[in-house]
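Visitor: I am new to this structure and would like to learn how to read it. Could we take it feature by feature?

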Amino acid sequence: MCRHLAYLGPPATLRSLLTDPPHSLFRQAWAPRRQRYGTVNADGFGIGWYTDGDPVPARYRRGTPIWGDPSLPDLARVIRSGAVLAAVRSATEGTAAGEQAAAPFADGRWLFSHNGRLDGWPESAAGLAARLLPAGPSGAAILLSLEAMVDSAFLWALISRRLRAGEAMAAALAATIAAVEAAGGAGRFNFLLTDGQAIAATASGDMLWYRRRPAGSGAPGSGAPGSGAPGDAAPWSVTVASEPDDDGPGWTEVPARHVLTATPSGVSVRPLAPAAPGGP
Ligand code: GLN
């Protein structure tokens, strides 16, 4: 399983968010503490981030281990953002390699990561596409149109169709899991999604944690400037991640089979529909 993390809050350097914490996403690439499946995440990584006023995020992805990228430390030191989604990858058997197979996947203003697997990939995907999109393109056409032959890219194709049709982020994640399971699909569906304003995520097969706190109460918010406007309430930040990146207070685990929506001003968690019989 991969590890992933999303952050919303005052602008902070990628370094403070992704490599400085004692059990950072960077470190989780080789020493995750709570990973249920797999031991290292060496099959690539990706970082997506938003900058002021531009609703479309930038991405930096590589198909190599995050610790072996000589360019990343410089970038992480100078890039600052108030909305970041990043992942380190442990490729599922039978999926493609390379940077195009690494999360975050993107579509317009959305960034997406998947920690888990679609069982039976890729054969199961063609059948699911035919059942879930009966009036749409054939299953084979959907698979051929994917950015990379990865179960995560296929699931993202299902989710992004819903987003483009106007579904809210958490609803699109939950509905996709329900639809895949109702169509006979099984697997582990830990999704992480942002539009730069809010984060939606699911716990379905692996852990999910979040921490919401006033900025300046420790890394990653530490050193981040407030709004500066007199009388403004102190800004808050929220981090949603596969596992806590430090042993500090404030981390809350999301119960299994739940979907979360998080912004710096609040977090809500609600149950997913029960798995269909025969599902996970
Ligand atoms: N199945 C996805 C991939 O191959 C995610 C893998 C994971 O969570 N380890 O990239």
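Visitor: Let us begin with charged side chains. Which side chain does Arg211 meet in a salt bridge?

Guide: The general idea is that side chains of opposite charge can pair when their charged atoms come close. Keep in mind that this model is predicted. Here the side chain of Arg211 meets that of Asp246 in a salt bridge, at 2.9 Å from N to O. Arg211 belongs to strand β9 (residues 209-214), while Asp246 sits in the loop between β10 (236-241) and β11 (252-253), so the pair links distant parts of the chain, 35 residues apart.

Visitor: Are Arg211 and Asp246 buried or exposed?

Guide: A residue counts as buried when its relative accessible area is under 20%. Arg211 has 3% and is therefore buried. Asp246, at 14%, also counts as buried.

Visitor: How many salt bridges does the structure hold?

Guide: There are twelve salt bridges in the structure. One of them pairs Arg164 with Asp107, whose closest N and O atoms are 2.9 Å apart. Arg164 lies in helix α6 (residues 151-164) and Asp107 in strand β5 (residues 105-107), 57 residues apart, and the pair links distant parts of the chain. Arg164 is exposed, with a relative accessible area of 52%. Another salt bridge is formed by the side chains of Glu167 and Arg162, at 2.9 Å from N to O. Glu167 is partly exposed at 29% relative accessible area, and Arg162 is partly exposed at 24%.

Visitor: Which residues are linked with Arg3 in a network of salt bridges?

Guide: Asp206 and Glu243 are linked with Arg3 in such a network.

Visitor: Now the sheets. In what order do the strands of the six-stranded open sheet stand?

Guide: Strands of a sheet pair through backbone hydrogen bonds, either parallel or antiparallel. In this open sheet the order is β5-β6-β7-β8-β12-β13, with antiparallel pairing. β5 and β13 (266-271) stand at the edges with a single partner strand each, so one side of each has no neighbour in the sheet. From one strand to the next, the twist averages 20 degrees.

Visitor: How many bridges join β7 to β8?

Guide: Strands β7 (residues 187-194) and β8 (residues 199-203) run antiparallel and are joined by three bridges.

Visitor: Which strands does helix α7 lie across?

Guide: Helix α7 (residues 169-182) lies across β6 (110-118), β7, β8, β12 (258-263) and β13. The helix runs at about 160 degrees to β7.

Visitor: At what angle do α6 and α7 pack?

Guide: The angle is about 130 degrees, and the axes of α6 and α7 are 9 Å apart. The two helices are therefore oblique to each other. α6 passes α7 in a right-handed crossing. The contact involves residues of α6 including Leu155, Leu158 and Arg162, and residues of α7 including Met169, Leu173 and Val180.

Visitor: Where is Phe112 found?

Guide: Phe112 is in strand β6. With 0% relative accessibility, Phe112 counts as buried. Leaving aside neighbours within four places in sequence, Phe112 has contacts that include Leu85, Phe105, Trp156, Ile159, Leu173 and Phe191. By contrast, the C-alpha atoms of Phe112 and Gly63 are separated by 17 Å, the two residues being 49 apart along the chain.

Visitor: How many residues of strand β1 are buried?

Guide: Ten of the eleven residues of β1 (residues 3-13) are buried, so this strand is largely enclosed by the rest of the structure. Eight bridges join β1 to strand β4 (residues 80-88), and the two run antiparallel. Within that pairing, Tyr7 has Val84 of β4 as its bridge partner. β1 also pairs with β10 in the antiparallel sense, over four bridges. There, Leu5 stands opposite Ala241.

Visitor: Over how many bridges do β9 and β10 pair?

Guide: β9 and β10 pair over six bridges, in the antiparallel sense. Arg213 has Ser237 of β10 as its bridge partner. β9 and β11 also pair in the antiparallel sense, over two bridges, and Trp209 has Glu253 of β11 as its bridge partner.

Notes. Residues are numbered from 1 along each chain as its sequence is written. This is a predicted model: local features need pLDDT of at least 70, side-chain atom pairs count only at pLDDT 80 or more; totals for chains, interfaces and linings use all residues. Side-chain values use heavy atoms; hydrogens and water are left out. A salt bridge is a side-chain nitrogen of Lys or Arg within 4 Å of a carboxyl oxygen of Asp or Glu. Buried means under 20% relative accessible area, exposed over 50%, partly exposed in between (1.4 Å probe, protein chains only). Two strands pair if DSSP finds at least two bridges between them. Axes are lines fitted to C-alpha atoms, for helices over the stretch in contact, and angles run from 0 to 180 degrees between N-to-C directions. Contact means heavy atoms within 4.5 Å. Angles under 35 degrees count as roughly parallel, over 145 as roughly antiparallel, 65 to 115 as roughly perpendicular and the rest as oblique. A crossing is left-handed if the near helix is turned anticlockwise from the far one by less than a right angle, and right-handed if clockwise.
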